Amino acid sequence: MADEAASRSGVPGAMAGYAPDFLSARIAPPELGTGIEHDAFLWDGTEAIPYTHFSLSLSKSRRFARWVAWNIDGASIQRLSRTGLDFRTDPRIPASAQVGNELYAGNRLDRGHLARRADLLWGDPHEAGQANRDSFYYTNIAPQMDDFNQSSQDGVWGRLENALFDGVDVDDLRVSVFAGPVFHDDDRLYRGVPLPREFWKLLAFEDNGTLKTHAFLLTQHLDQLKAVLHLDEFRVYEITVAELEDRTCLRFPAQLHAGDTTTPLESLAFDKREPLATTADIRW
């Protein structure tokens, strides 16, 4: 009854959040590194703000999530409609600490889910339904250009989890995922909001009892001409966990570093590397 009342009032429901013990190896969420360690908005005294099947750390300075962590139980995924679900600010958090519809109204910016909605829809019908609703809080949203969703690159970025399940015999069909934007000091201002031009994602899973991790970076370059936003270009790269730490100033637990089998290419700038053209290019 309490969960039903919370749902009707627009407050996140089950709030179990990301589960570090979801895999057999315990995987803690990332920590904020040097220079950003005090940038997290604290809710109820904690940095990790819980929702159904995911948690996030909200940046005080940028008002977007620095990281979102979620679990996928592929054995109980449900297909639920998004019809009738509206994006909304989290009522537990001051509206001034979140970027809401004022950024997205009347332009080409899409509201992009950080924790992918389809990944969260598992468990019993009530649980999956609450996760569906929780995914639409603006704390789980970041701006993306509308033609991002029409590009062939969305076939890589938007289907990384699907490609993992297709390409690997994942133990118990269970995956833990981390993702977020990359913040740069020179991110372009639009309506007073610096727009992230890069995003990252890290997948952790077990293959025949061995923990494996794969990290990815999406770079997109935004130009603003005569108050109109244009997508210049964006590419998806497979990177190491160490490179991801350098890019984000986040610190990931040692288990994720140990499970990383990506060949280090630190000597090559991203514009000198070959981006992923299709999910078939990923070396699981």
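This note walks through a predicted model of one protein chain, point by point.

1. **Ground rules.** Residues are numbered from 1 along each chain as its sequence is written, and side-chain values use heavy atoms, with hydrogens and water left out. Because the model is predicted, local features need pLDDT of at least 70 and side-chain atom pairs count only at pLDDT 80 or more, while totals for chains, interfaces and linings use all residues.

2. **The chain as a whole.** The chain has seven helices and 13 strands. These are DSSP runs, numbered from the N terminus: helices are H or I with at least four residues, strands are E with at least two. Of the 284 residues, 52% count as buried. Buried means under 20% relative accessible area, exposed means over 50%, and partly exposed lies in between (1.4 Å probe, protein chains only). Now take contacts, meaning heavy atoms within 4.5 Å. Among those between residues at least 6 apart in sequence, 71% join residues at least 24 apart.

3. **Two nonpolar cores.** A nonpolar core is a set of buried Ala, Val, Leu, Ile, Met, Phe, Trp, Tyr and Cys residues joined through side-chain atoms within 4.5 Å. The largest one holds 39 residues, and Trp70 and Trp284 touch the most other members. Elements giving two or more residues to this core include strand 3 (54–58), strand 4 (65–73), helix 5 (160–167) and strand 11 (210–225). Another core, of 25 residues, lies apart from it; Leu23, Trp200, Phe252 and Leu256 are among its members. In soluble globular proteins, nonpolar side chains tend to be buried together.

4. **Helix 3.** This helix covers residues 125–134, and its buried residues are Ala128, Gly129, Gln130, Ala131, Asn132 and Asp134. Asp124 caps the N-terminal end: one of its side-chain oxygens lies 3.1 Å from the backbone nitrogen of His126.

5. **Asn140.** Where does Asn140 sit? Asn140 is in the loop between helix 3 and strand 6 (141–145). Asn140 is buried, with a relative accessible area of 0%. A polar atom of the Asn140 side chain lies 2.8 Å from the backbone nitrogen of Ala115. Leaving aside neighbours within four places in sequence, Asn140 is in contact with residues including Phe54, Leu56, Val68 and Ser135.

6. **Strand 6.** Five of the five residues of strand 6 are buried. Both faces are covered: Ile141, Pro143 and Met145 lie on one side, Ala142 and Gln144 on the other. In a regular strand the side chains alternate between the two faces of the sheet. Strand 5 (residues 109–113) runs antiparallel to strand 6, joined by five bridges. Two strands pair if DSSP finds at least two bridges between them.

7. **Aromatic rings.** The whole structure has ten aromatic pairs. Rings of Phe, Tyr and Trp (its six-membered ring) pair if their centres lie within 6.5 Å; planes under 30 degrees apart count as stacked, over 60 as edge-to-face and the rest as tilted. Tyr51 and Tyr137 have ring centres 5.8 Å apart and planes at 40°, so this pair is tilted. Phe87, Tyr104, Phe136 and Tyr138 are linked into a cluster by ring pairs.

8. **Charges over rings.** A charge sits over a ring if NZ of Lys or CZ of Arg is within 6 Å of the ring centre and within 35 degrees of the ring normal. The charged end of Arg88 sits over the Tyr137 ring, 4.2 Å from its centre. The charged end of Lys201 sits over the Trp157 ring, 5.7 Å from its centre.

9. **Positive phi.** Arg63, not a glycine, has a positive phi of about 65°. Arg63 lies in the loop between strand 3 and strand 4 and is partly exposed at 22%. Leu173, also not a glycine, has a positive phi of about 55°. Leu173 lies in strand 7 and is partly exposed at 37%.

Notes:
Polar contact = N/O pair within 3.5 Å; in protein donor to acceptor, adjacent residues only side chain to side chain.
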